[in-house]
Amino acid sequence: MLLSAAVFTIGVFGFLSRRNIIIMFMSIELMLNGVNISLISFSHYLQDMRGQILAFFVIAVAAAETVIGLAIVIALFRNKATVHVDKINEMKG
Amino acid sequence: MEYYLLIPFLPLAAFILNILLGKEVFREKAHWVSILAVVGSFIIAVATLFDVISGKTLNEDLYTWIVSGTFKASVGFLIDPLTAVMLIVVTTCSSLIQIYSIGYMHGDKGYYRFFAYMSLFTFCMLMLAMSNNFLQLYFGWEGVGLCSYFLIGYYFHKKSASDAGKKAFIVNRFGDFGFGLGVIIVFLTFGTLHYLPVFNNMTGIVGKTVHLLGFDVSLVTLIALLLFCGAVGKSAQIPLHVWLPDAMEGPTPVSALIHAATMVTAGVFLVARCSPIFNLSEVALIVVALTGAITALFAATIALVQKDIKRIIAYSTISQLGYMFLGCGVGAYAAGIFHLYTHAFFKALLFLCAGSVMHAMGGELNIQKMGGLKKYMPVTYLTFVLGSLSISGIPGFAGFFSKDEILWLAYSSPNPVGKFVWLLGTIAAFLTAFYSFRLIFLTFHGKFRGTHEQEHHLHESPKVMTIPLILLSIGAIAAGWVGIPHLLGGGAHFAEFLKSVLGHPEAHGTHNEEWMVMGISVIVGLSGIGLAAYMYLARTDIPVRLAKNFSSIYRTLFNKYYVDELYSFTIVRPTLWTAKNILIGFTDAKIIEGIVNGVPRLIGKFSGMLRKVQTGLVHHYATIIAAGAFFIIALAILLR
């Protein structure tokens, strides 16, 4: 449980502090894996298989999300020649 | 008698065809559609008349229109002698006038539009006449008003014409407001709008009163007077007569059909149809008789000095409508309807003749600029004289029988104002003969007073216009022969025919008195013509001197007693002022626009504040998400 909390916190911190979009992606993956660990440990602790099933779902969704996210990043890089998120502020209201 | 349905629906079909396809497909042949339809209606109407004469009547609902709680309105038809007479009047006049219009409207840009509206008008008028309930009557009533508005404003590019259309519509609102209230009270009292149950239960409410503005008013009188309100507006009686003379801005066939022969008589028809209501209220009858008699005299005096050929005939129409109400008011409904029927022929004839004159004169309306047209337009002249003899009540012509019957029944009526309205009516008859022949002498006799160019252009109208004139003039002579009184050896068939619907008033008088009344009306008619001949043929200097010596009277008459000015001062201007300063200036500009513009402005300001949150920087969003998640978890833990 502590491990999962630690991994999740690293992910959150990384996501908030880094400006490189690739690193931010990796942080999201860390957060998801932190959640996965906690899901599996709860599953083990409660003797309930649903936690593990949910973890598999999270892995599958994370894979899909990464594919789409990286595709967006590549498209963005072609247009802006940067992966620095502070320079990408077209959506400013 | 199932075919009777075709009578109103043929013109409706013609209207739909013409309004949809007229512009592109029929073009100059648009008249065929309308005329075939209305002639078809005419033939069926004649067949219906024979059915009714043989004793068949019909009263049935065709279709349920609205059902709401206890309120049930249906489309239904009532065919009885009164309806049959109206059907004949409407379809005959409509057919002849539309045939005439082929010549008169030839080459006009809105040719198909004209015929489409004429068909729609005929449909609405027939629905009005054939209705078996008050709501359908109201539908037809408003429908003819709408068509009247369309057709008065037919030359809409002329400001005076579109203004006249609006005036007709708005003045009629005043009357129709009362009419609408009357219909509502009928429903509230009887729980139905069908004529028969209402009329049958009418005696049950005699003596009932309602409390109104601090007075106890008899319910019957209230209903009768409210219905009469509508009739006053539609039939242009005092004080709502102001729209009819202005309505002459429309094309002349429209004046002939709508503003002389049919629509304006709808008020008389309404009073006759509701005779069971009016009969129970003496007050209402006196009001009807007095309104009619005063209008008859009032309009006739105005007609004496007008210069516009169509306006003279329009005032004459108002005056004759006054006669019809006079007749209804003394309980002689059949005589009123008889006058409606003869009047339709001779007045349509006079209008169409005036149209023929205008056609020859290139649209000139001022009779001071005419004169001597007799030799150029023999057919128009002859038919015009026949029409005028008829309206003046010369024995043998249609107008004589109907007018004399009204005057005799007024004289002999037990109604307290009977003798008084007879006197007014007789004076009006003298004036009628005078102004009708003044018109003829100024227009057709003497020397031509127009421009040289107009004189060169003078011609008789084409056959398609003169044949309807000739047919109508036959009507103007012979239409009255169905109602020759017993005194002259006739059978008074017309009154007998309508007796089952309208009853027959008791005449309290001897044969000698009847001869006297008839003699007086013939004498005043002839002396009116004689005086007109003396003043406008022999001594043409007299009218000028009279106008100069009595200039204040002349000016009052010429300006129509300043009624228009009075209304402008008391009603139109205050309304416009209120509209401009209160409705537009305050309600519209401040309240409505304030709300309409204020709400978006408020939202704009608020969203301007909210927009600053959206920075476009991903880590700001991420921080907000994280903080939000933290907040929610904290809340969940704390509130557990």
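Biologist: How many bridges join strand E1 of chain B to strand E2 of chain B?
Modeller: Nine bridges join them in this predicted model. E1 covers residues 58-68 of chain B, E2 covers residues 71-79, and the two run antiparallel.

Biologist: Which residue is the bridge partner of B:Thr64 in E2(B)?
Modeller: That is B:Ser74.

Biologist: And what sits in the hairpin between those strands?
Modeller: The hairpin of E1(B) and E2(B) has two residues between the strands. B:Gly69 takes a positive phi there, near 60 degrees.

Biologist: What about strands E3 and E4 of chain B, how many bridges do they have?
Modeller: Four bridges join E3, residues 209-212 of chain B, to E4, residues 215-218 of chain B, and these strands run antiparallel. B:Leu212 stands opposite B:Phe215 in E4(B). The hairpin has two residues between the strands, and B:Leu213 in it takes a positive phi near 50 degrees.

Biologist: Where is the cis peptide bond, then?
Modeller: A cis peptide bond joins B:Ile238 and B:Pro239, with omega about 5 degrees. B:Pro239 is in the loop between helix H8 (219-234) and helix H9 (243-246) of chain B.

Biologist: Let's switch to charges. How many salt bridges are there over all chains?
Modeller: A search of the whole structure finds 14. One of them is between B:Arg273 and B:Asp80, whose closest N and O atoms are 2.9 Å apart.

Biologist: OK, aromatics next. How many pairs turn up over all chains?
Modeller: The search of the whole structure finds 31 aromatic pairs. Take B:Phe434 and B:Tyr536: their ring centres are 6.1 Å apart and their planes are at 55 degrees, so the pair is tilted. B:Phe434 is in helix H18 (residues 418-444) of chain B and B:Tyr536 is in helix H22 (residues 511-538) of chain B, so this pair links parts that are 102 residues apart in sequence.

Biologist: What does B:Ile102 touch?
Modeller: Not counting residues up to four places away in sequence, B:Ile102 touches B:His31, B:Ile35, B:Tyr111, B:Phe115 and B:Val464. B:Ile102 itself is found in helix H3 (residues 81-104) of chain B.

Biologist: Last topic, the two chains. How many residues of chain B are in contact with chain A?
Modeller: There are 11 residues of chain B in contact with 11 residues of chain A. The area buried between the chains is about 890 Å², and carbon and sulfur atoms give 67% of that. B:Gln614, B:Val618 and B:His619 supply 45% of the area that chain B buries against chain A, more than any other three residues.

Biologist: Which helix gives the most to the side of chain B that touches chain A?
Modeller: Helix H26 (residues 618-638) of chain B does, with six residues. The residues on that side of chain B divide into five nonpolar, five polar and one charged.

Biologist: And how many salt bridges cross that interface?
Modeller: The rule finds zero salt bridges between chain B and chain A. It also finds zero residue pairs in polar contact there, with both residues at pLDDT 80 or more.

Key. Residues are numbered from 1 along each chain as its sequence is written. Chains are lettered from A and ligands numbered from 1 in the order in which they are written. This is a predicted model: local features need pLDDT of at least 70, side-chain atom pairs count only at pLDDT 80 or more; totals for chains, interfaces and linings use all residues. Side-chain values use heavy atoms; hydrogens and water are left out. Two strands pair if DSSP finds at least two bridges between them. Contact means heavy atoms within 4.5 Å. Buried area is the accessible area (1.4 Å probe) that two parts lose on being put together, summed over both. A salt bridge is a side-chain nitrogen of Lys or Arg within 4 Å of a carboxyl oxygen of Asp or Glu. A polar contact is a pair of N or O atoms within 3.5 Å; within protein, one must be able to donate a hydrogen and the other to accept it, and residues adjacent in sequence count only if both atoms are side-chain atoms. Ala, Val, Leu, Ile, Met, Phe, Trp, Tyr, Cys and Pro count as nonpolar, Asp, Glu, Lys and Arg as charged, and the others, Gly among them, as polar. Rings of Phe, Tyr and Trp (its six-membered ring) pair if their centres lie within 6.5 Å; planes under 30 degrees apart count as stacked, over 60 as edge-to-face and the rest as tilted.
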